[in-house]
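Hello,

Here is the model I promised to pass on to you.

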Amino acid sequence: MTVDYNPQAIEPKWQQKWADDQLYQVKDDDPRPKFYALTMFPYTSGDLHIGHWYAMAPADVHARFKRMQGYNVLHPMGFDAFGLPAENAAIKRSIHPFIWTMQNVDNMRRQLRSIGAIYDWSREVVTCLPDYYKWTEWFFLKLYEAGLAYRGKAPVNWCPRCQTVLANEQVLDGGFCERCGATVSQRDLEQWFFRITKYADELLEYKDTIWSKRVKTMQRNWIGKSQGAEISFALDHPSAAEKEIRVFTTRPDTTFGVTFMVLAPEHSLVAKLATPDKKTEVEDYIAQSRRLSEIERLSTEKEKDGVFIGTYCLNRLNGEKVPIWIADYVLLSYGTGAVMGVPAHDERDFTFARKYNLPIPVVIAPPDWSDEELAEAYTGPGTMVNSDQFNGLPYQQGMEAVCDWLEEKGWGKRAITYRLRDWLISRQRYWGAPIPIVYCDKCGIVPVPEKDLPVLLPEDAEFKPTGESPLKYHEQFVNTTCPRCSAPAKRETDTMDTFMCSNWYFLRYTSPGCDTAAFDANKVKYWMPIDIYTGGAEHAVMHLLYSRFFSKAIRDMGLVDFDEPFQHMFNQGIIIAEKQKMSKSRGNVITPDDYVSEVGADTIRTYLMFLAPWEQGGEWDDSGISGISRWLNRIWNLVLGNYHPQEKINLDTKQKATRELSRTTHQTIKKVTEDLGRLHFNTMVAALMEFTNYLGKVKEAQAVTTLDWEESIDTLLRLLSPTTPHLTEELWQKTGREYSIHNQSWPVWDEALAKDEEITLVVQVNGKVRDRITVPASITEDEARQLAPDRPKIKPYLTDKTVTKVIYVPGKLVNLVMR
RNA sequence: GCCGAAGUGGCGGAAUGGUAGACGCGGCAGUCUCAAAAACUGUUGGGAGGCAACUCCCGUGUCGGUUCGAGUCCGACCUUCGGCACCA
């Protein structure tokens, strides 16, 4: 009578019906409490691989669970659609980036539908469409108005052959361009920046959020807050107006140990201070370091070298003359671009001093130090020596004392620096949101008025492999009139970093199709902040940091009222294949489509959740899928096979079986509910497997009534429905229940019914398990203590010994301790 | 080098300081079949003893420690993975 479980027939059927019925359409005016469950939207690379499923299927299960628990759940999906690969494809295969991207969107949308998730597609966001990027541009203008977007000169990676700027990630080890292999150099270019550093301190806070320590640490490292002092060294040189060089140090207590000063080669003072006899040497060194990429310059392998520029400054603390050097290990962009060299107490300064025979005086005494020379830099704690009035102070107190002294004398002050730099958002690319700025000879930088947005990407741009933005050569795009004075003017031809698009996509989901604003403020107020955000940890310091900054920036403009956009951030692990991360370039991509047509979406969903803890991920190995297929088949047969209770059965057996069934059912509800709440999907599936195995035995025993049996099947299907939405919908219908299972409520367990009646009491002797006794759960401590020593297995251990102590753990064990 | 996470059967993994190995894969044995596959049932950490029910010993990367009791807590080390890497 039963048809076999055939996911290939069931899954498309229900997906179609759910879509036709708009079963998963989300309302904003729902009286139930809201729950915003967001999963990172995919980049439109062309195909979804099994790693995407790993991100999305468990997230969907959790969202479905919350939905059944009575929340109004928003679990949307969209596409991160601007970016470099589209443009590279355009150049390589002469296909327009828009066509390429939208083809990918169509394919990926089809793949995403096959997962069987509760995505409300009427809220879909595609970042490369004008009705979206119009508002990306609008946010740029807001940031500009707020003084958070500015144009500045910055040293960037420059490929001389491609004639373009490269992001750090596009520079290969050794400083080669990833596209053409040319040696990348440094160049100063006018670029647009967002002032993320203004929020550095608040970005370290994570007010009221649940984030993993791992990601927080990564962001903290990236922000790199350092406390110390800025110290002024006196300068007296005829060709420089400046009378000082300022340095930043985290160790003001070591200032008496300064034996040289190092400036970054690009430092503005270098040209003024270099003496004529050193000029050639200095210029050569600067040229040499300019050729290196920043990545290469910062390589720890590179030997520290530098050039003395012939001039001295003065250490005001001890009145000593300090020679000024330049070296490329000092970065212009960090601190003041100048460093005081304290070779005795800094490893880099130590090797530098060794190389150039500079003195290495000790000013912080290591423990048991007796005036000998150091074999290596000593960076640990110690007492100040050779430091005049500060001698004898422990180094922490020394820092404070030196800072007080500096501030009193006006020679310096306490200071904080960050590793974090302002966010460079200019990209010399076509396929991104245009930066809505016009350059006018008379008015200078003029923002495009809001009413003229969007600045549209011209469709007929030419994609020649010049390595330059096609916009630069598009006359109609570039040439415009100044919005302020109407004189001829030129448009900005750079586009924005795509991370700007993903800064606000989660706001757009709340207000699909809103054409009068980026979002409907009321709806954002209702849905935000996001209750749970899940995605890969590879975005820890890019997207997740940028969008936190962005949220704080628009909060300060009064556009939104939350401090943190992502209340609970969860990073799932990655699925690797052939011991490597899956990627197109490695050619080890696992396509879910084949598996969908072979075993069905429900099986893949379940398998991905079962294979490991979600935060851990693991190797893709399809040999285990059969276990899931078998299990779902067993469920199919278990639910559809007729149940026949035995007529003549003894009442006691019947009662016992009924109680046991009810207890196990409630225990399972509890376990599954708790595991889902904690995103422990693997153990949740295991619990459901155990429950199924148990129900198989119940069915064979035929001891419970049909009604009790049906109730347990009802619970099983509900508990299973987030995990295998198609299978359970089919079984729900086939057993005559009311459509749809996905509108049913989540089962609730009764703690009293879930309680065990009998427990296994473990008897230990000196901590080793020697016996197990089945006892009523209600056993008292006295009963347990009395029971244990009388057990035949325990008695032999007790002869000739005295029990000195008995440990009792309620419901668990009795431990007899003796000598 | 620094920071973070993790090391448990043949494999993926499970275990609020309290029965190590749940659940699944694989293996082995069986049922069905002419046979095989599929499916189903049983069994499965290692070792020793016993006809047997069973009993004992060892066992969670290594070495110590805390504790009546440690996979779990503490210290040192080893290995793997991830991140940062001259940030003054």
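**Strand E12 and its partners**

Strand E12 and strand E14 (residues 320-327) run parallel and are joined by three bridges. Helices (H or I, at least four residues) and strands (E, at least two) are DSSP runs, numbered from the N terminus, and two strands pair if DSSP finds at least two bridges between them. E12 also pairs with strand E15 (residues 338-341), in the antiparallel sense and over four bridges. Val 262 stands opposite Trp 325 in E14 and opposite Val 339 in E15. Strand E12 itself (residues 260-263) is covered on both faces: Phe 260 and Val 262 on one side, and Met 261 and Leu 263 on the other, are all buried. Here buried means under 20% relative accessible area, exposed means over 50%, and partly exposed lies in between (1.4 Å probe, protein chains only). As background, side chains in a regular strand alternate between the two faces of the sheet.

**How to read the values**

The model is predicted, so local features need pLDDT of at least 70 and side-chain atom pairs count only at pLDDT 80 or more, while totals for chains, interfaces and linings use all residues. Residues are numbered from 1 along each chain as its sequence is written, chains are lettered from A and ligands numbered from 1 in the order in which they are written, and side-chain values use heavy atoms, with hydrogens and water left out.

**The chain as a whole**

Chain A has 26 helices and 34 strands. Taken along the principal axes, its C-alpha atoms fill a box of roughly 115 × 85 × 45 Å. Of the 819 residues in chain A, 54% are buried. Among contacts (heavy atoms within 4.5 Å) with a separation of 6 or more, 72% come from residues 24 or more positions apart.

Chain A is divided into domain 1 (226-418) and domain 2 (756-818), with bounds that come from an automatic or database domain assignment. The centres of the two domains, taken over C-alpha atoms, are 70 Å apart.

**Two open sheets**

One open sheet has four strands in the order E32-E31-E34-E33, with mixed pairing. Strand E32 (768-776) and strand E33 (803-809) stand at its edges with a single partner strand each, so one side of each is left without a neighbour in the sheet. The twist averages 20° from one strand to the next; the axes behind such angles are lines fitted to C-alpha atoms (for helices over the stretch in contact), and angles run from 0 to 180 degrees between N-to-C directions. Strand E31 (residues 758-765) pairs with E32 in the antiparallel sense over eight bridges, and Thr 760 stands opposite Thr 774 in E32.

E23 and strand E24 (residues 488-491) run antiparallel and are joined by three bridges, with Thr 480 opposite Ala 489 in E24.

**Nonpolar cores**

A nonpolar core is a set of buried Ala, Val, Leu, Ile, Met, Phe, Trp, Tyr and Cys residues joined through side-chain atoms within 4.5 Å. The largest one has 173 residues, and Phe 140 and Tyr 505 have the most contacts inside it. Helix H21 (residues 681-701) gives the most to this core, with ten residues. Apart from it lies another core, of 55 residues, including Ile 324, Leu 374, Met 384 and Trp 411.

Which residues touch Tyr 505, leaving aside its neighbours within four places in sequence? Tyr 505 is in contact with Leu 38, Thr 39, Met 40, Phe 41, Val 125, Tyr 132, Tyr 533 and His 543.

**Two single residues**

His 726 is found in helix H23 (residues 725-734) and counts as buried because its relative accessibility is 0%. Its side chain makes a polar contact of 2.9 Å with the side chain of Gln 15. A polar contact is a pair of N or O atoms within 3.5 Å; within protein, one must be able to donate a hydrogen and the other to accept it, and residues adjacent in sequence count only if both atoms are side-chain atoms. Beyond its neighbours within four places in sequence, His 726 is in contact with residues including Trp 14, Trp 18, Ile 115 and Asp 602.

Asn 107 has its place in helix H4 (residues 97-115). Leaving aside neighbours within four places in sequence, Asn 107 is in contact with Gly 46 and Asp 47.

Best wishes
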